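Trainee: Could you show me how to read burial and helix packing in a model like this? I'd like the general idea, then the case at hand.

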Amino acid sequence: MRDAPPDSLTRLNVVYLARLREAFGVAAEPLQLPEGGSTVAEVLAQLRARGGTWSAELAAGRAVRVAVNQAMATPDTPVRGGDELALLPPITGG
Amino acid sequence: MPVRVQTADFDVSHEIAALRAGDARVGAVASFIGTVRDVNDAAAVSTLTLEHYPGMTEKALEAIVSEARARFDVYDALVVHRVGELAPTDQIVLVVVTGAHREAAFDACRFLMDYLKTRAPFWKKERTPDGTRWVEARASDDEAAARWQAAGAGDTGP
C-alpha cells in the first residue's frame, strides 16, 4: 500500500476577500480536493452546498469572480492541490 | 513599468520627475489623481478603507500597464495605488504616462484608469453615519472599460 500524498498535494487554499471574507467569517481555508483535481465550478458547488450564507452569497447570478493562482479564472478552469483559489466580490478600486 | 501598492501618500511632482528623468524623447506627460470624496451615494463618508489581494494586485496592474504600452504610442507609465484607511481629500491613486505627444499620453492615462477600475482587485469600504459598508461596483465603470474593448487595439480611444 502506498503512502497517502502529503496534504499540500491534495488541498486547495481557498481565499475570501473583502465583503465575502466578512460574510463567511473566514479569510482563508484549506479545502480537500478529490484525487485528480477539480474545477472552479465544482469547488463553487461544494461551497454552495454548505447552505446558509454560502449558498446565498455564491448563488448563480451573484457577481462573484474567481481567481486561480492569482489570475482570473472561468468555471471550467482546473484546480489541483497546492493551488490558490480566491473568491472576489465586484472590485471597486481607483 | 513601475507599479506600486502602498499605504503611504505620494507626491505627484516627485513621481513625475522620477518617471521622465533624463528622457529627452518625452514631450507629453499626462497624469490622473483619484481622491477621497466626503459623500457617496447620498451619505456622508468619514473614512474610506481600501483593501486588496496582495500578489494578484501587482500582477493585474502590471498586465494593465503592459497592455497600455502595447496599445498606445507612449514611453512609460506609472501606477501608484494606496491601501489602508484614508480620509476625505486624501489621494487614492496616481497614474502617470509619458510619450512624445499628448494624444497618446491622454488616451493611455484614461485607458489605465478605466481598466484599473474593473480589473485590479481593490475594494473600498466606507464609514458613514449609519456604520460601515462595502462600496458597490458601478455599471458605469464596466461601461467605460468596455468601450476600450470595442475600440480594439491600435485605436485612439472610445
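Mentor: Start with burial: buried means under 20% relative accessible area, exposed over 50%, and partly exposed in between (1.4 Å probe, protein chains only). This is a predicted model, where local features need pLDDT of at least 70 and side-chain atom pairs count only at pLDDT 80 or more, while totals for chains, interfaces and linings use all residues. Residues are numbered from 1 along each chain as its sequence is written, chains are lettered from A and ligands numbered from 1 in the order in which they are written, and side-chain values use heavy atoms, with hydrogens and water left out.

Trainee: Is B:Thr128 buried or exposed?

Mentor: B:Thr128 is buried, because its relative accessible area is 9%. You'll find B:Thr128 in strand S9 (residues 122–128) of chain B; strands (E, at least two residues) and helices (H or I, at least four) are DSSP runs, numbered from the N terminus.

Trainee: What does B:Thr128 touch?

Mentor: Contact means heavy atoms within 4.5 Å. Leaving out residues up to four places away in sequence, B:Thr128 touches B:Ala43, B:Ala44 and B:Arg133.

Trainee: At what angle do H3(B) and H4(B) pack?

Mentor: Axes are lines fitted to C-alpha atoms, for helices over the stretch in contact, and angles run from 0 to 180 degrees between N-to-C directions. For H3(B) and H4(B) the angle is about 125 degrees, with the axes 8 Å apart. That makes H3(B) oblique to H4(B); under 35 degrees counts as roughly parallel, over 145 as roughly antiparallel, 65 to 115 as roughly perpendicular and the rest as oblique.

Trainee: Which residues of H3(B) are buried?

Mentor: Among them are B:Ala104, B:Cys109 and B:Leu116.
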